[in-house]
Every structure is written in C-alpha cells, then in structure tokens.
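Here's a quick briefing to read with the model open in your viewer. Have a look at the backbone, the cores, the surface and the charged pairs.

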Amino acid sequence: MKARRPGPLYRRVLWWLLGYLTLLSLAVFSVGNYVHEHAEHAAWRALLNSELDSIVEHVEHEPHYRWQDSDTLSLYRFDAVNLPDSLRTLHPGLHDGVMVKDRETAVMVRDTDSMGRVALVLDISDFHDLEQFATRWVMLAGVIMIFVTVLMASFGMERMVRPLSLLAQRIGALRPGAQGQRIDVDPRGSSELHTIADALNDYLERNEQFVERERVFISTASHELRTPIAVMTGAAELALEQPGLPDRARQQIQRVLRTAQGVEQLIELLLVLARDPARLAARAERIALDQLLPDIVEHHRHLLGDKDLSIGIQAAPVDIVAPLAVVQAAIGNLLRNAIENSGRGRIELRLSASAVLTLQDPGHGMSPEEIAAIHARMARGERVDRGGIGLDLIARLCEHLGWTLQLQPCQPRGTQATLDFGASRPGG
C-alpha cells in the first residue's frame, strides 16, 4: 500500500497558527469577561451602597423625608404591598440580573434599623444592551483579526516556501552525467537558501570530478587492455591458418580466439560507457539491423554445443544509426544469456519495423519478483546478479544511448527480453 504523501509545511504552520490564535482569543475573551464581570459587580455595589447609605441617613435625620424613584433607581421595602415577587426571596447583598417589571436590574438588599429590609433597584437593561453590542463587536473584531492574521501568514509563508519549491524544481531538472550543472537562486533569497544552494553546488562539483576520474580510469585501463587482447587475437588467427593443425588444437585455439573477441567486446562496451553520449554519437553509423542479426546468430552458434537448441529469426527491414560494435555486443550478450540459461527448445528473435528486438528463450524463466528486482537494480545502477556482467552492461548502455530494455516471464516457461532501438532510428 502506497504511503500517503504528507501535506506541505506551510499548511501545517497555518493550521497550528489558526489553532493558536483561536485558543489565545478564547483565553483573552474569557479572562476579559471574568474581569469585566467583577469590575461591573464592584461598580454596582459601590454605587448602590453609596446611594442606599444616603437614603438611610436622610430617613434617620429627617422624619419627613420621602424617597422619589427615578427612571433608573427604585426603592422597595419588603413590608410594602407593591414589592415585586422577584425581590421577595432575595437575601441581603448584591444581586445582578434580577428581572423587575420586565427590566434587567442590579439589586442591593440591606437590613436597616429605620426601614427594616429594603431593596434598592438599579435598571441596567440599557447598559446590558450596550454591553452585548460591544461584546458582539469585540468578537467580530477577534474573528477579523484571526482571519487577517492567517491571511497575512499564508501570504508570507507562501512567499517563504516558493523559493524552496523553485529550488526543488531546479534540483529535479538536474540530469545525471551532464557536465557543468549548477543551481542558481535569487540574490534576494534568504541566507539559508543560499547555504543549501552552495552546499548542493559543491556536491555537484565534487561528483563531477569523481565521475570524470572514473571515466578517465576506465578509458585508460581499457586502452591498455586492448593491446594484449589484439596480440592474442592476431596470434590465434595466425595459428588457425597453419596447415596440418590437429583438430583438438584447432578447437582450443578457436576457443581462445572467441574468448579474446568476447573480452574485446567487453572492453569496447567499457569504452562506450566512459564516453559522453555526444562524443559517442560521432562514432555512429547506419546499420541494416535485419541483415546484422543472422551474422550475430552465426557468431554465437558455437555456444549451442550439444544442447538440443535451435535459433529462429523473424526480422522486418529496419535501419538504425548507432555504433556497430555496441549493437553487436548488446544483442550478442542477450543471445549468450538466453543460450546459457536454456537446455532445449527454440530461441526466437523477432525484429519489428519500429526497431524493437524481442528475444524469447525456452529456459526456466524468471519469476515476476526476480524480474522486478533486476529492474530495480538496473534503475539504481547496481550490479545485476542474474545475467552476469553482460546484462549489467546492456542496462547501462540502454541508459547511455536512450534505448529501452525490458524483461518479462513467459508462459509456461522462459524469459522474454525486449530491446527497443527506437531512439537510434534515423529521425527518431
């Protein structure tokens, strides 16, 4: 099961910021509301106590004093007939939010010597309406603040992350093996971005030097090996021309000659891999692939030995433009691998007009898991266990020249190798 790809970093940051602002706003609003309630109660208590003290003082010192209710303040005696029901059960002290005559009030209840238990009622309905109005605006302002903050943070995070996305795109556009590749960043970018780009450019430069050293080593070693191989090949050919050579000696010399020619092909492949594709294109020539196949089959027919194997060819006329030695080595290695892994039956070579060569052997075949492992190793550039160095080099050649190599099992047994030369067709 494919793992779910994690979301972008800026989105995570925005979600965390949104959560943080929401919790912070709730905390500030709760604390503010708590402080406001206590301050409001303190204000009502101070106001009502002060007013009630004044009333009690006037009643005690002025026998003819009569309190006159105002629009907002009303005085009730608990022994009066007109005492509202909502006040009858109140104990001495401050009471907030008591409904009196359909109005919200703050009530101060006190026991006095001159009037008994009294209640001073303050109408706070208008104040509470104003308070609710202010609360709604504060909450709206908080939501707007959160929205604007997240919007600005989103814009800022996008601007901050965009250079990283561009850097990732430039890294993705790097081509393995290409020379002189560098990562450029905007001079206005952050110092961290320049640090990453500098480190990556330093790695590219060191990797380029490493690849060049490997290429020079392979080229030098291959050239050094070609001289003794040429001497061995020439000596074997001259020995085969000697009259009266015993059959057994002729067979051994032919074996030496074939081995030397195989090593010469291997060296040629190493030289190809040591060259740049652009330099390799200069060695390409037009090849009639359908006419070349029979020659390659005949050259490898001796590998059949006493096996009950036959080789069939079905080739459509098709030309490609590629180095001749490389084409011979690639097809030859696939054919050699098929012969070595087959005991009896028929090996089929089919060449389509679109320059796709299919080689099917009757061997034991490979399971889909084995083939998938081989493809994975070829994709990583690792050594392929099955098929030997021939299959490993062919995979590298395909990547080098733009060809495509695929392996798949056949039913009931056997393996099918498909080599697509389409990239080497004239005009392809």
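Lys101 is exposed, at a relative accessible area of 65% (buried means under 20%, exposed over 50% and partly exposed in between, with a 1.4 Å probe and protein chains only). Lys101 sits in the loop between β2 (93-100) and β3 (103-112), and its phi is positive, about 55°, although it isn't a glycine. Bear in mind that this is a predicted model: local features need pLDDT of at least 70, side-chain atom pairs count only at pLDDT 80 or more, and totals for chains, interfaces and linings use all residues. Residues are numbered from 1 along each chain as its sequence is written, and side-chain values use heavy atoms, leaving out hydrogens and water.

- Most residues other than glycine have a negative phi.
- Ala355 also goes against that, with a positive phi of about 65° despite not being a glycine.
- Ala355 is in the loop between β8 (344-351) and β9 (356-361), and at 0% relative accessibility it counts as buried.

**Overall picture**
- The protein has 10 helices and 11 strands; these are DSSP runs (helices H or I, at least four residues; strands E, at least two), numbered from the N terminus.
- Of the 428 residues, 33% are buried.
- Take the contacts (heavy atoms within 4.5 Å) between residues at least 6 apart in sequence: 63% of them join residues at least 24 apart.

**Cores**
- A nonpolar core here is a set of buried Ala, Val, Leu, Ile, Met, Phe, Trp, Tyr and Cys residues joined through side-chain atoms within 4.5 Å.
- The largest one has 36 residues, and Leu289, Val327, Ile347, Trp403 and Phe421 have the most contacts inside it.
- Helix α8 (residues 324-340) gives this core its largest share, 8 residues.
- Val327 touches Ile287, Leu289, Leu292, Ile320, Ala322, Trp403 and Phe421, leaving aside residues up to four places away in sequence.
- Another core lies apart from it, with 15 residues, including Trp44 and Leu73.

**A greasy patch outside**
- Leu130, Phe133, Trp137, Leu140, Ile144, Phe147, Val148, Leu151 and Met152 make up a nonpolar surface patch, together about 940 Å² of accessible area.
- Patches are made of residues with over 30% relative accessible area and no salt bridge; like charges are joined within 9 Å, and nonpolar side chains (Val, Leu, Ile, Met, Phe, Trp, Tyr) within 5 Å.
- Leu130 belongs to helix α3 (residues 125-172) and is exposed, at 54% relative accessible area.

**Salt bridges**
- With a salt bridge taken as a side-chain nitrogen of Lys or Arg within 4 Å of a carboxyl oxygen of Asp or Glu, the count is 11.
- Arg182 pairs with Glu208, their closest N and O atoms 3.9 Å apart; Arg182 is in the loop between α3 and α4 (191-240) and Glu208 in helix α4, so the pair ties together parts 26 residues apart in sequence.
- Arg286 and Asp319 meet at 3.4 Å, N to O; they lie in strands β5 (residues 285-288) and β7 (residues 319-322), so this pair ties together parts 33 residues apart in sequence.
- Arg286 is exposed at 56%, while Asp319 is partly exposed at 29%.
- Asp111 and Arg117 pair at 2.7 Å, N to O.
- Arg103, Asp123 and Asp126 are linked in a salt-bridge network.

Conventions
Accessible areas come from the Shrake-Rupley method with a 1.4 Å probe; for residues, only the protein chains shown count as cover.
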